Amino acid sequence: AGLISPWNLPLYLLTWKIAPAIACGNTVVAKPSEMTSVTAWMMCKLLEKAGVPHGVVNVVFGAGPKAGEALVCHPDVPLISFTGSTLTAQRITEKSAPHCKRLSLELGGKNPAIIFDDADLTQCIPTTLRSSFANQGEICLCTSRIFVQSGIYSEFLKRFVAEAKKWKVGNPSDPAVDVGALISKEHLEKVRSYVKKAQAEGARVLCGEGVDSLALPAGNQKGYFMLPTVIAEVKDESCCMQEEIFGPVTCVVAFDTEEEVIERANSVKYGLAATVWSSNVGRVHRVAQRLQSGLVWTNCWLVRDLNLPFGGMKASGIGREGAKDSYEFFTEVKTITIKY
């Protein structure tokens, strides 16, 4: 099994692939991100110490176009489990097609939070802050589009921005810090460019990038840090509402009706995760059923059970991972008929 994992949750996402693969009797060749290769190297040392037989878990270090593509194109690797960008997944699909390989693709997201006027804001606001800015927003499940019903829009926005300004940016080794550095200079520049595009389109940046000053410890002055950024008055067709930014940036917009917000939430190419906030049980069920998302959380976020299916719709991926689903992916059904 070929296992290709990203940089944003390097140990979690790599072990999540290795464990079910070898539990089903496979050997694996893992290709971690070149941005976080030290984590995988340390894991190799622990696997050896734990007594995993030589040749069962193999790790190849290198960049995607060379090491990753060699793995995808190799005729003796019949299945590929990949977590990463939709663009890379398209390349993997093309290169693996001549070999008819089995694919599990967990890709990007442009995840909506839908907040109705009967939501409990004392629970909703701190959770939505976390879903927007946890791990610097570098989680595929993070919220980057927040739809708030018109009746509570002004109140939500005021309280949400006030709380976002309290998040502390700096060295993640400091227990008082909420937001660490982004993965690279290039990625930081990309995330910042989306904020500039939003401003050029007439949107308002209410806090964060370009609005508030970033105070960093002396030792972190040259790091790739960015303040949690909240953007309002963004059009649905804006790139900030359509494309995955993958940073500490979220857009807040108003809506009026249930029917309207379902249509708007579904109006992107992605379909990984969504959250719905309402005290109306019937509404929660109706909206969750109609959202084009592989995962829907209601009145919570990132409540996970690893036995449950995980994966997205549309450009957010193909297949599911989790206990039963991973078992089916990493095994092959065979029919044997015996006449006696």
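How many salt bridges does a search of the whole structure find? In this predicted model, the search returns 17 salt bridges. The paragraphs below take up the domain arrangement, then selected salt bridges, and then individual loop residues.

The domain assignment divides the protein chain into domain 1, made up of residues 2-107 + 316-330, and domain 2, which covers residues 111-298. Taken over C-alpha atoms, the centres of domain 1 and domain 2 are separated by 29 Å. Ten residues on the side of domain 1 are in contact with twelve residues of domain 2. The area buried between domain 1 and domain 2 is about 900 Å², and 65% of this area is on carbon and sulfur atoms. On the side of domain 1, the residues that lose the most area to domain 2 are Trp-7, Asn-8 and Ser-316, which together account for 53% of what that side buries. Across the interface of domain 1 and domain 2, four residue pairs are in polar contact, with both residues of each pair at pLDDT 80 or more. The side of domain 1 that touches domain 2 comprises four nonpolar, four polar and two charged residues. The count of salt bridges between domain 1 and domain 2 is zero.

Several salt bridges were examined individually. The side chains of Asp-174 and Lys-168 form a salt bridge with an N to O distance of 3.8 Å. Asp-174 is partly exposed, at a relative accessible area of 30%, and Lys-168 is also partly exposed, at 41%. A salt bridge is likewise found between the side chains of Arg-192 and Glu-209, at 3.5 Å from N to O. Arg-192 belongs to helix H7 (residues 185-200), while Glu-209 is in the loop between strand E8 (204-207) and E9, so this pair ties together parts that are 17 residues apart in sequence. Arg-192 has a relative accessibility of 30% and counts as partly exposed.

A further salt bridge joins the side chains of Arg-283 and Glu-258, with 3.7 Å from N to O. This pair links distant parts of the chain, since Arg-283 is in helix H10 (residues 281-290) and Glu-258 is in helix H9 (residues 258-265), 25 residues apart. Arg-283 counts as buried, because its relative accessibility is 15% and the cut-off for that class is under 20%. Through salt bridges that share partners, Asp-118, Glu-258, Arg-283 and Arg-286 are joined into one network.

Backbone geometry was considered next. Most residues other than glycine have a negative phi. Glu-233, which is not a glycine, has a positive phi of about 60°. The position of Glu-233 is in the loop between strand E9 (229-232) and helix H8 (239-242). With a relative accessibility of 46%, Glu-233 is classed as partly exposed. Phe-246, also a residue other than glycine, has a positive phi near 60°. Phe-246 is located in the loop between H8 and strand E10 (249-255). The relative accessible area of Phe-246 is 16%, and the residue is therefore classed as buried.

Thr-36 is situated in the loop between strand E2 (28-31) and helix H2 (37-50). Its relative accessibility is 14%, so Thr-36 counts as buried. When neighbours within four places in sequence are left aside, the contacts of Thr-36 are with Pro-6, Trp-7, Pro-10 and Ile-183. Trp-7 in this list is also one of the residues of domain 1 that lose the most area to domain 2.

Pro-228 is located in the loop between E8 and E9. The relative accessible area of Pro-228 is 3%, and Pro-228 is accordingly buried. Leaving aside neighbours within four places in sequence, Pro-228 is in contact with Phe-133, Ala-164, Trp-167, Val-169, Val-179, Cys-207, Gly-208 and Pro-248. Pro-228 and Ser-132 are 96 residues apart in sequence, and their C-alpha atoms are 8.6 Å apart in space.

Conventions:
Residues numbered from 1 in each chain as written. Predicted model: local features only at pLDDT ≥ 70, side-chain atom pairs only at ≥ 80, totals over all residues. Heavy atoms only, no water. Domains from an automatic or database assignment. Contact = heavy atoms within 4.5 Å. Buried area = accessible area lost by both parts, 1.4 Å probe. Salt bridge = Lys/Arg side-chain N within 4 Å of Asp/Glu carboxyl O. Polar contact = N/O pair within 3.5 Å; in protein donor to acceptor, adjacent residues only side chain to side chain. Nonpolar A, V, L, I, M, F, W, Y, C, P; charged D, E, K, R; others polar. Helix = DSSP H or I, 4+ residues; strand = E, 2+ residues; numbered from the N terminus. Buried < 20%, exposed > 50% of the residue type's maximum accessible area, 1.4 Å probe, protein only.
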